[in-house]
Amino acid sequence: RLAGAQGALVRYSPESDVRWHTLVQRPRPQPAQNAQLAVSDTLAFILLDGEMQAARLEDGAEVSLPMPVTAVKALAARGQQLAVLDGPGLRFYALPDFSPRGAADQLPSGLASVALLENGTVASAGDGSVWFWQNSWKRLDLPDEVKVRAVSGGVGRTFWALQENAGGALSVAQYSPEEGRLAEWSPGPQDGKLTAVAGAVERDYFLASLELPGVQRTVAIRRKEDGNGWEYVFDKKITASARFGWANGVLVPDSEELPEELKVPLAENPLDPAAATSLVLRAVADQTGTGLATTDGLPLLRVSGEERFGRVMLVPGATPDTARFFQGDGACVEEYALSRLGEILSFDAGTVEMTAAGEKAPPPIEEPAAP
């Protein structure tokens with residue numbers, strides 16, 4: 001969920017330059033209570049408060065779905081398969097044409113999440129139980145103190161589970177329907193609270209979302225090659241930054257210090273040798289966008305033409321005629337490097353006569369009489 005009550009589906013890959021984001025057109029005044037994401041070889045499916053949408057992995061373009069998309073409880077995707085759990089049951093589709101591939105009937109009560117394995121399907125229920133479907137439903141044996149809150153497919157016939165242990169502590173465990181629990185990872189106090197888990201189906205690691213005060217993290221974790229412990233594949237953080245500012249010479253997510261003015265030295269002005277040798281620049285944001293202006297309001301440089309940025313900051317750059325310009329919209333903070341500011345020159349452009357209604361129109365230009 002972005003600033004301005006908008007939502008977005010974003011794709012990022014550390015192995016590819018292909019990045020895109022698709023805005024969810026419907027306003028979202030509050031975060032979705034039940035948000036799920038599933039990805040096939042070609043499509044990304046998102047479930048928000050019971051409504052399913054899809055976008056092409058290639059470019060993020062929205063894809064029309066031929067099946068009912070409301071009152072959906074859970075979904076899962078893998079390769080060229082899609083599983084949708086709704087009121088009538090758990091239905092399977094072959095992609096990319098969405099042709100029906102049967103259904104799992106006689107559902108266990110209270111199913112809340114599903115995961116597609118290399119051969120078979122697992123589902124978790126509200127009471128913490130886990131069920132396996134191939135030709136019929138079978139309840140899997142779990143440790144007595146464990147309640148599984150969500151499942152996600154892993155490599156081969158394994159799956160990852162977000163589970164609640166005795167005392168309410170959350171952890172991530174890897175299971176096999178045949179062999180039971182294979183491994184378990186528990187976050188430390190400094191890691192944050194687990195909120196979601198997703199398994200990788202081609203590599204033996206999982207991804208997890210964690211929350212700390214003012215911080216959301218997405219991490220990928222795998223077992224070390226020697227089997228002793230775990231290691232991070234990557235760690236991405238989103239920090240609440242609606243009140244970003246400056247402290248001790250660095251950008252910080254929350255600060256009362258918000259420098260908006262900067263004095264820069266100017267080069268010699270060939271148009272006016274008596275012109276000032278320095279200029280005070282001010283960072284500004286209004287309904288026309290963001291940029292730099294003089295202290296008396298004369299616009300000098302446009303940085304952005306969007307009006308969504310309500311907080312701006314200007315600090316010195318590496319050299320006297322450079323600056324670092326920051327703008328934030330409540331969801332993210334953007335930084336721009338500004339250079340050659342010392343080359344700003346002033347010159348006399350004449351006078352403009354003003355009236356109560358605005359600038360007075362100049363008199364018409366009289367063409368010279370023909371000789």
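1. The largest nonpolar core of this predicted model comprises 17 residues. Within that core, Phe 45, Met 52, Leu 65, Met 67, Leu 82 and Phe 98 touch the most other members. At least two core residues come from each of the strands β4 (43–48), β5 (51–56), β6 (72–78) and β7 (81–86). In soluble globular proteins, nonpolar side chains tend to be buried together.

2. Another core, of 15 residues, lies apart from the largest one. Its members include Ala 74, Ala 83, Ala 123 and Trp 131.

3. Beyond its neighbours within four places in sequence, Leu 82 is in contact with Phe 45, Met 67, Ala 76, Ala 77, Arg 91, Phe 92, Tyr 93, Leu 95, Phe 98 and Leu 116.

4. Leu 95, one of the contacts of Leu 82, is joined to Pro 96 by a cis peptide bond, with omega about 10°. Pro 96 belongs to the loop that connects β8 (90–94) and β9 (99–104).

5. Two residues call for a check of backbone geometry. Ala 71, in the loop between β5 and β6, has a positive phi near 60° although this residue is not glycine. Ala 71 counts as exposed because its relative accessibility is 57%, above the 50% cut-off.

6. Arg 340 likewise is a residue other than glycine with a positive phi, near 60°. Arg 340 is placed in the loop between β30 (333–338) and β31 (354–355). With a relative accessible area of 55%, Arg 340 is exposed.

7. As background to these backbone points, most residues other than glycine have a negative phi, and most peptide bonds are trans.

How values were computed. Residues are numbered from 1 along each chain as its sequence is written. This is a predicted model: local features need pLDDT of at least 70, side-chain atom pairs count only at pLDDT 80 or more; totals for chains, interfaces and linings use all residues. Side-chain values use heavy atoms; hydrogens and water are left out. A nonpolar core is a set of buried Ala, Val, Leu, Ile, Met, Phe, Trp, Tyr and Cys residues joined through side-chain atoms within 4.5 Å. Buried means under 20% relative accessible area, exposed over 50%, partly exposed in between (1.4 Å probe, protein chains only). Helices (H or I, at least four residues) and strands (E, at least two) are DSSP runs, numbered from the N terminus. Contact means heavy atoms within 4.5 Å.
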